[in-house]
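Okay, thanks for coming, everyone. Could we get the model up on the screen before I start talking?

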Amino acid sequence: MGVVGFDIGNENCVIAVVKQRGVDVLLNDESKRETPAVVSFSEKQRLVGSAGAASALMNPKSTISQIKRLIGRKFKEVDVQNDLKLFPFETCESHDGVILVRLQYLGETHAFTPVQILGMLFSNLKQITEKDLNMPISDCVIGIPSYFTDLQRRAYLDAAAIAGLKPLRLMHDCTATALGYGIYKIDFSNVGATNVVFVDIGHCDTQVCVASFESGHMKILSHAFDASLGGRDFDEVLFCYFAAQFKEQYNIDVYTNIKASIRLRASCEKMKKVLSANAEAPINIECLMDEKDVKGFIKREEFEQLSLILLERISVPCQKALADSGLALDSIHSVELVGSGSRIPAITRMLASFFKREPGRTINASECVARGCALQCAMLSPVFRVREFEVQDSVPYSIGFSFDKGPICTLSNGVLFPKGKPFPSVKILSLHRSSSFHMEAFYADQSELPNGVSTQISSFMIGPFPSSFGEKAKVKVRVQLNLHGIVNVQSASLISESMDDSETRRDASSTSEVNAKSDHSPAVANDDEVVDKARKGKNIKRLEIPVDESVYGGMTKTEVADAGQKELQLAEQDLKMERTKDKKNAVESYVYEMREKILNAYRNFATDTEREIISRNLQETEDWLYDDGDDETESVYSEKLEDLKKLFDPIENRYKEEEARAEATRDLLK
Ligand code: ATP
Ligand code: K
Ligand code: MG
């Protein structure tokens, strides 16, 4: 069984696996450690990863990148609309408000959801992994931003399921990084807790977390983020600068030309990387637009000046994470900087001045998330033995519960899982009901959420109750914030106790200490079932009642299964295209091989006429391959190959017979 960690970035994906000797990052088909998060549809073929990125300029309208930005989001959200403006592909709103990507493929218009596109990326990564490990895989741990909502987390699980993967955990990116950093450092023990800040700047986002390490244990104290601040914003600074300059200098407006925009954006990204190591960088694009070659130049200082606002914004989540951790700057042991977006020197300078120390660069900036995920997968998988190390993450957004549209049924201000508290976590709600009831999970504080995200999470129907239970039965509802950070109702049960009167009274009063037993504040939340188990000696009867969950904006099981089927069809089509290409190559190589043989080894085994016919046929086939036969079906290529073989086989047979005879003679003479 494989033990795998995936980091699906907005720009790059990384696969790490745990092998006997440690954690390895896998190479993709192009021998690269990072695989572009790109899916592209050419007229006849779907191309994913490196091949997808290579086809971006040829198929700008059907090449999808940064799909992570659109996962589990609504078309109308402000942030989504801002992103869509940057993307060359076409989108529209589905009947239920979700985003659909519309594109041409195999002569038809297709509409894919972001979950389906993400499923395609997962399938590709799964394939690369299976090829490397030489076995099928399904268990994995996948990195996600800590700011993902419940719906986005579910969308990731759905996309993984579409690809046939089974995530054992969706793990916050920074938590994965912290795990990889902490698990092998045993020298934490004597100093008490060691507090480390992790800053991850990717292509589209910035995440910060504060982690506290003790021997064999890691606790995340806080997460903070800017969901729309990353490397691509720095690319955009250069893009706007040169778009304006080229307009003035060459009278071209790249905003009106998709291909020119794509090329300029790509050049600006390269330029940004050059500026990380050099004091200045040139830009040179041939035939950018209107047959004009463009040239330009920028100094690092100028670039930093233009990026000042972005640089300042990076300190905001740092400030927040620090404040939420409850730690002062001088109790921070070190600051670790990861994510390739952080390679801009000005970012390091800014962080150094904010944290009053040089950020560490000891961690592999592009691989740390995948590596941490792989380690977590090994820890969760029964087949591997890893050092005992406890990982305690922190709830990113406060989650509340309500029922029957009534008041929120919790201990503290309507919140069941407060932001910053450890998870995974289970709460037991105790309440008194006489028939089916309805519960809602929601985000309790809109201000914690990214722009325009809905506070609704999911709703639950609890019941029906069996008729034998009387008025106001006691119900215990077990609510979980699971390993993925997804909230769900694990179970609901009716409790009946047979006990003497004094006990009943004591029970009633002790419960009311925690919370009043009225319909206005009708439930009590406990962290665990200790209370329940402590009352031993009593005859407690439990009866499970059904829980029916529905997620706002989520996919149904049937929809996921259908999308899985669709993905299989697409994969079958990909295979068909691969087989066709292979057959075409086979025809081509046969032509070259036979041309060589008929001139040399087989020369004396064919008559002049045969040679002439064969030569003509080979030439005709070659011409056909470059012309009408350039784009044919697998069976047409197969037929072509058979036809050629029919011509050639008699001659080949004569040659082989002669070879055999010669060998027999040689043997006789030995
Ligand atoms: P996200 O975390 O947002 O999902 P990601 O994980 O794919 O995205 P990374 O691979 O960590 O992102 O970082 C990609 C970003 O790093 C890109 O914007 C890229 O241009 C930038 N980058 C890579 N190398 C350098 C460099 N040498 N100097 C500056 N920026 C760089
Ligand atoms: K990445
Ligand atoms: Mg990343």
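I'll go from the overall picture to the ligand, then the cores, and finish with some strands.

First, the housekeeping: what you see is a predicted model, where local features need pLDDT of at least 70, side-chain atom pairs count only at pLDDT 80 or more, and totals for chains, interfaces and linings use all residues. Residues are numbered from 1 along each chain as its sequence is written, while chains are lettered from A and ligands numbered from 1 in the order in which they are written.

So, the overview. The chain has 16 helices and 30 strands; these are DSSP runs, H or I of at least four residues for helices, E of at least two for strands, numbered from the N terminus. The C-alpha trace spans about 115 × 65 × 55 Å along its principal axes. Of the 670 residues, 41% are buried, and by buried I mean 20 or more other C-beta atoms within 10 Å of the residue's own, with C-beta atoms placed from the backbone (12 or fewer is exposed, in between is partly exposed). Now contacts, meaning C-beta atoms, again placed from the backbone, within 7 Å. If you take those with a separation of 6 or more, 70% are between residues 24 or more positions apart.

On to the ligand. Which residues come nearest to ligand 1? Out of 22 around it, they are G9, G202, G231, S276 and S340; a residue is near if its C-beta atom, placed from the backbone, lies within 6 Å. Helix 6 (231-250) and helix 7 (258-277) each put at least two residues into that shell, and helix 7 gives the most, with four. By type, the shell has two nonpolar, twelve polar and eight charged residues. For the record, Ala, Val, Leu, Ile, Met, Phe, Trp, Tyr, Cys and Pro count as nonpolar, Asp, Glu, Lys and Arg as charged, and the others, Gly among them, as polar.

Next, the cores. A nonpolar core here is a set of buried Ala, Val, Leu, Ile, Met, Phe, Trp, Tyr and Cys residues joined through C-beta atoms within 7 Å. The largest has 121 residues, and C373 and A374 have the most contacts inside it. Helix 11 (residues 368-380) brings the largest share of this core, nine residues. What does A374 touch, leaving aside neighbours within four places in sequence? The list is V3, V4, G5, A16, V17, V18 and V23. Apart from that core lies another of 28 residues, including I428 and V477.

Now strands, which pair if DSSP finds at least two bridges between them. Strand 18 (residues 334-338) is mostly covered, with four of its five residues buried. Strand 13 (residues 194-201) runs parallel to strand 18, joined by five bridges, and V197 stands opposite V335.

Have a look at D226 too, in strand 15 (residues 217-226). Why does D226 count as buried? Because D226 has 22 C-beta neighbours inside 10 Å. Not counting residues up to four places away in sequence, D226 touches D205, T206, R313, V316 and P317.

Last one: an open, antiparallel sheet of five strands, in the order 21-20-24-25-30. Strand 21 (415-417) and strand 30 (547-551) are at the edges with a single partner each, so one side of each has no neighbour in the sheet. Strand 20 (residues 399-403) pairs with strand 21 over two bridges, and G400 has V415 as its bridge partner there.

That's my tour, so over to you for questions.

Technical notes:
Contact = placed C-beta atoms within 7 Å.
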